[in-house]
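Please examine the structure shown here.

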Amino acid sequence: MDYKKTYEEWVENCTREEKEELLAIAADEKEIKERFTLPLAFGTAGMRGTIALGISNMNVYTVARATKGLADYVNGLGAAEAERGIVVSYDTRRMSFEFALITARVLAANKINVRMFEDVRPVPMCSYAVRHTNAIAGVMITASHNPKEYNGYKVYGEDGAQMSPEATAVVVDFIDKTGYFGIKLADVVTADRKDIKGKDGFKLNDYITVIGKSLDEDYYAEISKLSLSPEAVAAEGAKMKLVYSPIHGSGYVPVTTMLSRMGIKAEVVEEQKNPDTEFSTVIMPNPEQPDALKLGIKLADKISADVVIGTDPDCDRMGVAVRDGNGKFTLLTGNQIGALLLDYILLRHKERGDLPANGAVVKTIVTTSLADKIAKSYGMTVYDVLTGFKFIGEKIKEWEQNGKHTFMFGYEESYGYLSGTHARDKDAVVASMLFSEMVCYYQYKGKKLYDRLQEIFETYGYFAETSKSFAFKGLDGMRKMADIMEKARTEYFTEFAGIKTVSKLDFKKRVETFADGKTAPITLPETNVIKYTLGNDEWVCIRPSGTEPKLKVYVSVNAKTAKEADERRKAVLEAAEGKLL
């Protein structure tokens, strides 16, 4: 069916209010083509897109269709799995509650039990709830740190990690067989979120149960066990000055609850405390960006605080600003935050005498090699996995089954961290808790956190990383990305900014090709990524996004001084752009 016929079908089947939106674009063929040519892609990261009517957008019809595919998959597993049910959670974005309720009603109509949160919850609590309740799957309505116009739909497997590629492929087959209209929705006693809020155990119908405080308390109790320095917190927590911002997201209650229970006083950015679908105080609700922590830094300067912590709308990512050697706030990169947390966790276990001999650390292939140096200095084994926290979750599950390693920490450069095995996705609640505790620990030792970071660099080398995203809009955006990846795949670049290439790893072909022409197999799963190694733990990587038409170039270098590393980083990124784009 061509896009015009699809558009006409939607006009015919939508509600009166929705028709107004569609008829408003009746004369705009380009807009119709954009909305109705390609269905919104559903992959291992679920689906994500702008909120609007059309098959390529997030709306009640695309959400219902995806959920029907998920329901068919679960029912295909058997009645016992349907009875185990699915957890449904959501964040503070536009339409998040509405999409969550539609998801629950479609599942209920297909006789699948649902546990739906009474109010917004972060990603890690959804992941935890799947495992804690023995659910067969979970759905999280979120677009993470994307602009306000976006929302998304993430699916978790029974292990609490994002659904595996194999299971996702089966779900997609069911989705492809499903239309957008006529999907049955179960009746509920109320569709008003005000009637649900705070009602733990409330039944919306025979299949949908609202969950809340009881599960929260189990989660809090579980992550409390991850605390490593209660003595330092007892001594410093009440007098330490720390600023926290949930950036209008779902982290406010869980993060402040944990800090309060630990005895750490946090000043919350008042303007960003409450949920706001428009994220009106920031350009983007992304703690990686300086703008997102600007109000936090302003408050920190006002009260003379040393640390600012911010979490994104679904509270799976954490950004941090600390005072540098001159007393000015500087934003730490995701790699630097991860390195500090990794070093702190391993150091404290070593000091306490309970560092396991079989301990292991997991990071993604685009995360700094500084992590390898830190982990190995403590005798830990390091594993690189593909981009996506589900692959870190897979390692945890594997080691639980075979006992080969004890999971110590996992992280990715994009501000995602996990300590503990209570969840199988990144957890900014735990990250905020441990980072705050770490500040207390070094304060207890008479040291600033920034000074500890400099000690790490002086010990292992000054590592500097950067990444740059390139967006490709329009229907031909994916084609342009494919052309760039093909160029990177077929050519062999012998140097970047004068630094000779050691090898090229093609993760799609699963082959590493060295400068002398020799090859070696790659054992990681197939994925559309190219990575050049430059020796001395330096590299360049390029990969397309799995959920949107964006291409990302990553660079990691190191040198003897911070200035030299920064200059090297800029030169290599510029060279990579020139060769690839």
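Two strands pair if DSSP finds at least two bridges between them. Helices (H or I, at least four residues) and strands (E, at least two) are DSSP runs, numbered from the N terminus. This is a predicted model, in which local features need pLDDT of at least 70 and side-chain atom pairs count only at pLDDT 80 or more, while totals for chains, interfaces and linings use all residues. Residues are numbered from 1 along each chain as its sequence is written, and side-chain values use heavy atoms, with hydrogens and water left out.

Q: In which sense do β19 and strand β20 pair?
A: Strand β19 covers residues 503-506, and strand β20 covers residues 511-514. Lys-504 stands opposite Thr-513 in β20. Four bridges join β19 and β20, and the sense is antiparallel.

Q: Which residue in the turn of the hairpin formed by β19 and β20 has a positive phi?
A: The hairpin has four residues between β19 and β20. A positive phi of about 60° occurs in this turn, at Arg-510.

Q: Which residue in β22 is the bridge partner of Leu-505?
A: β19 also pairs with β22, in the antiparallel sense and over four bridges. Ser-503 and Leu-505 point one way from β19, Lys-504 and Asp-506 point the other way, and all are buried (under 20% relative accessible area; exposed is over 50% and partly exposed in between, with a 1.4 Å probe and protein chains only). In β22, Leu-505 has as its bridge partner Lys-531.

Q: Which are the edge strands of the open sheet of five strands?
A: The order in this sheet is β8-β7-β9-β10-β11, with mixed pairing. An edge strand here pairs on one side only, and this applies to β8 (266-268) and β11 (329-331).

Q: Which residue in β9 does Ser-245 stand opposite?
A: Strand β7 (residues 242-245) and strand β9 (residues 307-311) pair in the parallel sense over four bridges. Within this pairing, the residue opposite Ser-245 is Gly-310.

Q: What angle does the direction of helix α13 make with that of β7?
A: Helix α13 (residues 294-303) packs on the sheet, touching β7, β8, β9, β10 (318-323) and β11 (contact means heavy atoms within 4.5 Å). Axes are lines fitted to C-alpha atoms, for helices over the stretch in contact, and angles run from 0 to 180 degrees between N-to-C directions. On this basis the angle between α13 and β7 is about 160°.

Q: How many aromatic pairs does the count give?
A: Rings of Phe, Tyr and Trp (its six-membered ring) pair if their centres lie within 6.5 Å; planes under 30 degrees apart count as stacked, over 60 as edge-to-face and the rest as tilted. By this rule the number of aromatic pairs is 20.

Q: How many residues apart are Tyr-383 and Trp-399?
A: These two residues form a tilted aromatic pair, at 5.2 Å centre to centre and with 55° between the planes. Tyr-383 is in strand β13 (residues 381-385) and Trp-399 in helix α16 (residues 389-402). Tyr-383 is buried at 19% relative accessibility, and Trp-399 is buried at 3%.

Q: Is Tyr-492 buried or partly exposed?
A: Tyr-492 and Tyr-532 form an edge-to-face pair, at 6.1 Å centre to centre and with 75° between the planes. Tyr-492 lies in the loop between α19 (477-490) and β17 (495-496) and Tyr-532 in strand β22 (residues 530-535), so the pair ties together parts that are 40 residues apart in sequence. Tyr-532 is buried, with a relative accessible area of 3%. For Tyr-492 the relative accessible area is 28%, which means that this residue is partly exposed.

Q: Where is Ile-247 found?
A: Ile-247 is not a glycine, although its phi is positive, at about 50°. Its relative accessibility is 0%, so Ile-247 counts as buried. The residue is found in the loop between β7 and α12.
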